[in-house]
Amino acid sequence: QVQFVESGGGLVQPGGSLRLSCAASGIIFSIYVMDWYRQAPGKRRELVAAITSSGNTIYTDSVKGRFTISRDNARNTAYLQMNSLKPEDTAVYYCNGRLAVQATMTPYWGQGTQVTVSS
C-alpha cells in the first residue's frame with residue numbers, strides 16, 4: 001500500500017524557517033521523483049519543488065533561493081527546508097511521487113501538513 005506521511009508544519013513568523021518531512025512507504029523510493037505541493041485556501045494545488053532519483057532539483061519561481069528539497073533514500077524520506085518564509089507561503093503542504101519526470105503522480109495523497117506564516 002502506497003502511503004505518504006507529511007510532518008513538520010506549524011506556525012512561524014515571517015522570515016522564519018521550517019523543515020518538512022515526507023515519509024514514503026509502498027514504493028521503491030530510490031527510483032521515484034519526489035514532489036512537494038502546496039494548496040492555499042481557495043487556490044489550486046501547485047507544485048513547489050521536485051527532486052529526481054539522481055538528485056536533480058526544480059523549484060517554482062516563487063520559492064527559488066528560499067526553499068531546498070532533499071531526500072534520504074536510506075530513510076525513504078524527502079525533505080523541504082523552507083527559509084525566509086513569507087505570508088504567501090501559508091498553505092497545506094503535500095508530497096507525492098512519480099516514476100519519471102514525465103510521468104504522472106501517484107493517486108495517493110497524505111493528510112498534508114499545515115504551514116502558517118503570520119506575525
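**Hairpins, sheet, core and pocket in a predicted model**

Me: In the hairpin of strand 4 and strand 5, which residue takes a positive phi, and how many residues stand between the strands?

Reply: In this predicted model, the residue is G42, with a positive phi near 75°, and the hairpin of strand 4 and strand 5 has six residues between the strands.

Me: What makes strand 4 and strand 5 a pair?

Reply: Two strands pair if at least two bridges are found between them, and strand 4 (residues 33-39) is joined to strand 5 (residues 46-51) over five bridges in the antiparallel sense. Within this pairing, W36 has A49 of strand 5 as its bridge partner. Strand 4 also runs antiparallel to strand 9 (residues 91-98), with seven bridges between them, and there D35 stands opposite N96.

Me: Why is strand 4 described as largely enclosed by the rest of the structure?

Reply: A residue is buried when its relative accessible area is under 20%, and six of the seven residues of strand 4 are buried, so strand 4 is largely enclosed by the rest of the structure. Strand 8 is mostly covered as well, with five of its six residues buried.

Me: Which strands form the open sheet, and in what order?

Reply: The open sheet has four strands in the order 1-3-8-7, and their pairing is antiparallel. Strand 1 (3-7) and strand 7 (67-72) stand at the edges with a single partner strand each, so one side of each is left without a neighbour in the sheet. On average, and with direction ignored, neighbouring strands of this sheet are turned by 15° against each other.

Me: Why does N76 count as partly exposed, and where is its place?

Reply: Partly exposed lies between the buried limit of under 20% and the exposed limit of over 50%; N76 has 28% relative accessibility and therefore counts as partly exposed. The place of N76 is in the loop between strand 7 and strand 8, a hairpin with four residues between the strands. N76 has a positive phi of about 50° although it is not a glycine.

Me: Which residues touch the most other members of the largest nonpolar core?

Reply: Of the 28 residues in this core, they are M34, W36, L80, M82 and Y93. Strands that each supply at least two residues of this core include strand 4, strand 8 and strand 10 (113-117), while strand 3 gives the most, with four residues.

Me: What lines the largest pocket, and how do its lining residues divide?

Reply: The largest pocket has a volume of about 160 Å³, and its lining has three nonpolar, two polar and five charged residues. Asp, Glu, Lys and Arg count as charged, and R38, K43, R44, E46 and E88 are among the residues of the lining.

Notes
Residues numbered from 1 in each chain as written. Predicted model: local features only at pLDDT ≥ 70, side-chain atom pairs only at ≥ 80, totals over all residues. Heavy atoms only, no water. 1 Å grid on protein atoms, 1.4 Å probe; cavity = no way out; pocket = protein on both sides within 12 Å on 5 of 7 lines; lining within 4 Å. Points joined across faces, edges and corners; volume = space filled by probe spheres on them. Buried < 20%, exposed > 50% of the residue type's maximum accessible area, 1.4 Å probe, protein only. Axes fitted to C-alpha atoms, helices over the stretch in contact; angles between N-to-C directions. Core = buried A, V, L, I, M, F, W, Y, C linked by side-chain atoms within 4.5 Å.
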